[in-house]
Amino acid sequence: MRAGDLVLASAVLDRGVTYPCDQAAADRLGVRWAGSAMGGAPLHRGAMATAGEPVLTVANKRRLSEALGAVAVDTESHLAARFAAEHGLPFVVLRAVSDTADRPLPPLAIRAISPDGRLDLRAIAEELTRRPRQLALLPGLARDTARAMATLRRVRGLLGPGLGLLV
């Protein structure tokens, strides 16, 4: 997979629990993406594995994906899956790839975001002071994140108001 590719999950794998996605809604979304003029990014289908924190090394990314049989790994989809399961709601996971399996993440990726979702500039400065070589990884990560965000902007047009496509 490359940065900006889409992952349409068939299920979310979370610590031994499998949360199946709504396949009918996923199929409609996949068909709509394939037939749209907004396409361009490949669409990968399969299970989405979850991790408790960002997976930093290429070896760990590969190991986790192979062990779980997943096409991708993220740190958030299990939250939506759990919520949907607790409330008896159907759900679909559609993600854009921002960090690929062949690119390591700098350790500051774990500390850069505060619990409220904002950049923690103090933590970033501390991390770069301790390990300045991480700075070299940031331009590639920024470029890949920009590709993922561009794909998500194109996808947003397919969902319609209130995600009406999926109901």
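1. Some ground rules before the details: helices (H or I, at least four residues) and strands (E, at least two) are DSSP runs, numbered from the N terminus. This is a predicted model, in which local features need pLDDT of at least 70 and side-chain atom pairs count only at pLDDT 80 or more, while totals for chains, interfaces and linings use all residues. Residues are numbered from 1 along each chain as its sequence is written, and side-chain values use heavy atoms, with hydrogens and water left out.

2. On confidence: pLDDT is the predictor's confidence in each residue, from 0 to 100. The protein averages 85, and 92% of the residues score at least 70. As a reminder, where pLDDT is low, the predicted coordinates should not be read in detail.

3. Now the largest pocket. A pocket here, on a 1 Å grid over the protein atoms alone, is an open set of points where a 1.4 Å probe fits, with protein on both sides within 12 Å along at least five of seven lines; lining residues have an atom within 4 Å of a point. The volume comes to about 1200 Å³, taken as the space filled by probe spheres set on the points, which are joined across faces, edges and corners.

4. What lines the largest pocket? There are 41 lining residues, and Val 73, Glu 76, Ser 98, Asp 99 and Leu 105 lie nearest the centre. Helix 2 (58–68), strand 4 (72–74), strand 5, helix 4 and helix 6 (138–159) each put in at least two residues, with helix 6 giving the most, six. By class, the lining has 27 nonpolar, six polar and eight charged residues (Ala, Val, Leu, Ile, Met, Phe, Trp, Tyr, Cys and Pro count as nonpolar, Asp, Glu, Lys and Arg as charged, and the others, Gly among them, as polar).

5. On the packing: a nonpolar core is a set of buried Ala, Val, Leu, Ile, Met, Phe, Trp, Tyr and Cys residues joined through side-chain atoms within 4.5 Å. Buried means under 20% relative accessible area, exposed over 50%, and partly exposed in between (1.4 Å probe, protein chains only). The largest core has 12 residues, including Val 7, Ala 9, Tyr 19, Met 48 and Phe 91. A second, separate core has 11 residues, among them Leu 6, Val 155, Leu 158 and Leu 159.

6. Ala 26 sits in helix 1 (residues 23–34) and counts as buried because its relative accessible area is 0%. Leaving out residues up to four places away in sequence, Ala 26 touches Leu 8, Arg 45 and Val 92, where contact means heavy atoms within 4.5 Å.

7. Buried or exposed: which is Thr 100? With a relative accessible area of 7%, Thr 100 is buried, although its place is the loop between strand 5 (94–96) and helix 4. Beyond residues up to four places away in sequence, Thr 100 touches Met 1, Arg 2, Ala 3 and Lys 61.

8. Two other loop residues to look at. Leu 89, between helix 3 and strand 5, is partly exposed at 45% relative accessibility. Arg 15, in the loop between strand 1 and strand 2, is exposed at 67%. Arg 15 also has a positive phi of about 50 degrees although it is not a glycine; most residues other than glycine have a negative phi.
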